[in-house]
Amino acid sequence: MADTDEPVGGPPVEAFSSVFDVAEIRKEDDRLLYFGEPTVSAPVLEQHVWPLFRKHGYEVRLTTVSDDETDPITGVEISTERRALVAEQRSVGIDGVPWNNLLFALLTIATTLYAGLQWYGFDDDPVALLRTWPFAVAVLGVLGIHELGHYVMSRYHRVNASLPYFIPVPTIFGTMGAVIKMKGRIPSRKALFDIGVAGPLAGLVAAIVVTTVGLQLDPVTVDGPIYQIESLNYPPLIQLIAAATGTQLSFAESGTRVNPVVVGGWVGMFVTFLNLLPVGQLDGGHLLRAMLGKRQETVAAFVPAVLFVLGSYLLFVREFELESVFLWFFWGLITIGFAYAGPAHPIHDEPLDTRRMAIGVVTFVLGLLCFTPVPFQLV
């Protein structure tokens, strides 16, 4: 007779016996394994069992498990593949001290302070390192608020997610951004939209504040290019902020540049635009998946082509240097990978309400205001 004793903590088998025929149940550490066969399609099974297990504190998935058994006659160990519902304990909160997050944050603070030396024209003077703190706060503040927007909404919808991981890089801006790791399934399109939109909107508000403050600060004098960047080109949103506040983005005096805090706002807007590309696991991919459903994948297939066309137009028609437009070819390759990996798929796939659809449209429009065809020109 099959072993179907109820493991501690899981939902009763009777609650999902109509969609999954259980032959055996096992408990391995923090995992529950329900061996058997589904009696309905995988999407229907998932919609039925996911809320049951979630209520008991587990994430569940249907998968194939390698099961080793010993032949009672020959004594030879035989490995077989069996279908099973695998339930793993879920934790939405923070378990212990997030040492890795803290380590990467400290490293990124150091690399961002170091990157600020050239933006302020301090010529790699280590004594002046702490004087670059406004630049570091501007860059890390905008990126951190972006990721915390995702994190807060993940907690609100009880989706397991990590705290932000900053990525230290000791050049140009001092960082390649920040990410959070989504560890749980998304319950609905509504949750997918809320989690996806929270980051860009929160980060964009922070970028607007940082840019506005930075434009009120004194410009700096720097001789020559900064990290081989001759000049930053400002997206429409920064130009609108400068016009509204009556401040300058360029100066007649040679070597005079906007305060590096403005560069923090520029970084935030540039990251916002890239994140809103409607492909794969990027924020834009999450938003469009929530707004259009599975039709999002059709749109995503065109994104790499659009980026390659943009890069080719700037290179061959407008005759910009390859170094200044290479990033669009680079991101064309990246988005091919994102498109291939596909978007997140929520458990329940009901359409969004009108209010969220309108917020999504506004968010994409704001993303376009952060776009400039040639973000920077190199020497």
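**Labels and their cut-offs**

Guide: The unreviewed UniProt entry places the feature "transmembrane region" at residues 102–120, 132–151, 163–180, 192–215, 258–277, 298–316, 328–345 and 357–376. UniProt positions follow the numbering used here, feature names are shortened, and annotations may be inferred rather than shown by experiment. This is a predicted model, where local features need pLDDT of at least 70, side-chain atom pairs need 80 or more, and totals for chains, interfaces and linings use all residues. Residues are numbered from 1 along each chain as its sequence is written, and side-chain values use heavy atoms, without hydrogens or water.

Visitor: What is the helix and strand content over residues 163–180?

Guide: Residues 163–180 are 0% helix and 50% strand, with end C-alpha atoms 6 Å apart. Residues 258–277 are 80% helix and 0% strand, and their end C-alpha atoms are 28 Å apart. Helices (H or I, at least four residues) and strands (E, at least two) are DSSP runs, numbered from the N terminus.

Visitor: Why is the pair of F16 and Y34 called edge-to-face?

Guide: The structure holds 15 aromatic pairs. Rings of Phe, Tyr and Trp (its six-membered ring) pair if their centres lie within 6.5 Å; planes under 30 degrees apart are stacked, over 60 edge-to-face, the rest tilted. The F16 and Y34 centres are 5.4 Å apart and their planes stand at 80°, so the pair is edge-to-face. F16 lies in the segment before β1 (20–28) and Y34 in strand β2 (residues 31–38), 18 residues apart.

Visitor: What makes F16 buried?

Guide: Buried means under 20% relative accessible area, exposed over 50%, partly exposed in between (1.4 Å probe, protein chains only). F16 has 0%, so F16 is buried. Y34 also has 0%, so Y34 is buried.

Visitor: How do you know that W119 and F173 are stacked?

Guide: Their centres are 5.9 Å apart, with 10° between the planes. W119 is in helix α2 (residues 99–120) and F173 in the loop between β5 (165–168) and β6 (175–179), 54 residues apart. W119 and F173 are both buried.
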